[in-house]
Amino acid sequence: MSATQVGVDADARTDTALVRAARLGDQEAFRVIVERHGPAMYRYALRMVGSGAESDAAEVTQEALVSAWKDIGSFQGRSELRTWLIRLVHRRAVDLARRRRPVPIDDQVMAAIARPAPDDPLQSVLDAELLAALQAALDTLPPLQRAAWLLREVEQMSYEEIATALGVPLDSARGHLQRGRRTLAERMARWR
Amino acid sequence: MALNSPDDALARAVELARGERPEAWPQVAASAMERVRAFVTPSVPLHAFAPDGGREFDDRGSTTRVASRVVKAALRAALDTATHTPDALDLLIEEGRLVGVEVALVGSYGTDLHALAEEVRTQVLDVVRDLLGVDPDLDDADVAVRIVDVVVGDPRLR
């Protein structure tokens, strides 16, 4: 039998293969996990911790990733890797939200989040305003409603994945989502 | 884009939010990986063996120890091939001496698994002896190999 050692493109690995390697201490495999799922984790953290708290979102995301590295041996593959990682972010984001008081919207931060469209400055401004309005509306939702809405509408997760990520029963996840949708629709009705 | 109804506005906001690529992400990722690299994996020092099978390398009684994480990393790299890849690696250690290695493997479909297990035992001993020298009491009977999964294609990718 020949077991030739041939280099393998880490980016081509499935999540299962990456987790297996990371569990054995392969930092390159973990780096690919970070690149693959980190942007969604960070995006979720930004929206969950609310306006004007980009550094908090960064800290929440980094803590979740370090925790994932330390505890990756406990990931048994019963859920998607993405769901597990989002759950790690969610716990920290909710803890943070409990500890701090609401802060007013920082327009500069919102402008930084909404990447401008260079070919259409007017559209870029409108988009930035729309995203700011969305964030302002999200900030008024209770954390679980906000989380359920973000995971469904932005991250396009299934109801089962949302329930797992939030650590709540399936019916509860559906309920939070419906209430969140209703409230957001009311809040956004003011925006034209 | 004309937004004629609140539903249009919310739909557009969702579309924008889905496409967001936060500009600070590269710095966030770099900081996270820096913290990951700084995290020290638990490890214990293992006795290395001199050519005579003893632990002393010279007349002054010099000894050498190698961190278990170094041995584990070398095993992981050696066993990560197109026909098999490690799923778990456990070093059995007694009083600083490596007394056994347990390997769980994922193999490629179509591979002769009995032959694979034999090959892996040899590979493990080669790596261990390369790093720790030859322990006269450690042989292939101390290397336990389990095939825990078989996948189609290159197991490093699946």
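User: Which residues have the most contacts inside the largest nonpolar core?

Analyst: The largest nonpolar core has 83 residues. Such a core is a set of buried Ala, Val, Leu, Ile, Met, Phe, Trp, Tyr and Cys residues joined through C-beta atoms within 7 Å. Buried means 20 or more other C-beta atoms within 10 Å of the residue's own, exposed means 12 or fewer, partly exposed is in between, and C-beta atoms are placed from the backbone. Those with the most contacts inside the core are A:Met41, A:Ala45, A:Val49, A:Val89 and A:Ala148.

User: Which helix gives the most to this core?

Analyst: Helices (H or I, at least four residues) and strands (E, at least two) are DSSP runs, numbered from the N terminus. The top contributor gives 13 residues and spans 27-49 of chain A: helix H2.

User: How is the model numbered, and what limits apply to it?

Analyst: Residues are numbered from 1 along each chain as its sequence is written, while chains are lettered from A and ligands numbered from 1 in the order in which they are written. The model is predicted, so local features need pLDDT of at least 70 and side-chain atom pairs pLDDT 80 or more, while totals for chains, interfaces and linings use all residues.

User: Which helix gives the most to the side of domain 1 of chain A that touches domain 2 of chain A?

Analyst: Chain A is divided into domain 1 (1-103) and domain 2 (104-192), with bounds from an automatic or database domain assignment. Their contact (C-beta atoms, placed from the backbone, within 7 Å) takes 19 residues from domain 1 and 22 residues from domain 2. On the domain 1 side, H2 and helix H4 (81-99) of chain A each supply at least two residues. With six residues, the most comes from H4(A).

User: At what angle do the axes of H2(A) and helix H7 of chain A cross?

Analyst: A:Tyr44, A:Arg47 and A:Met48 in H2(A) meet A:Arg146, A:Ala147 and A:Leu150 in H7(A). Axes are lines fitted to C-alpha atoms, for helices over the stretch in contact, with angles from 0 to 180 degrees between N-to-C directions. The two axes come within 10 Å and cross at roughly 145 degrees.

User: How many residues of chain A are in contact with chain B?

Analyst: Chain B contributes 47 residues to the contact. The chain A count is 50 residues.

User: Is A:Gln156 buried or exposed?

Analyst: A:Gln156 lies in the loop between H7 and helix H8 (159-166) of chain A. Its phi is positive, about 55 degrees, although it is not a glycine. With 11 other C-beta atoms within 10 Å, A:Gln156 is exposed.

Key: Contact = placed C-beta atoms within 7 Å.
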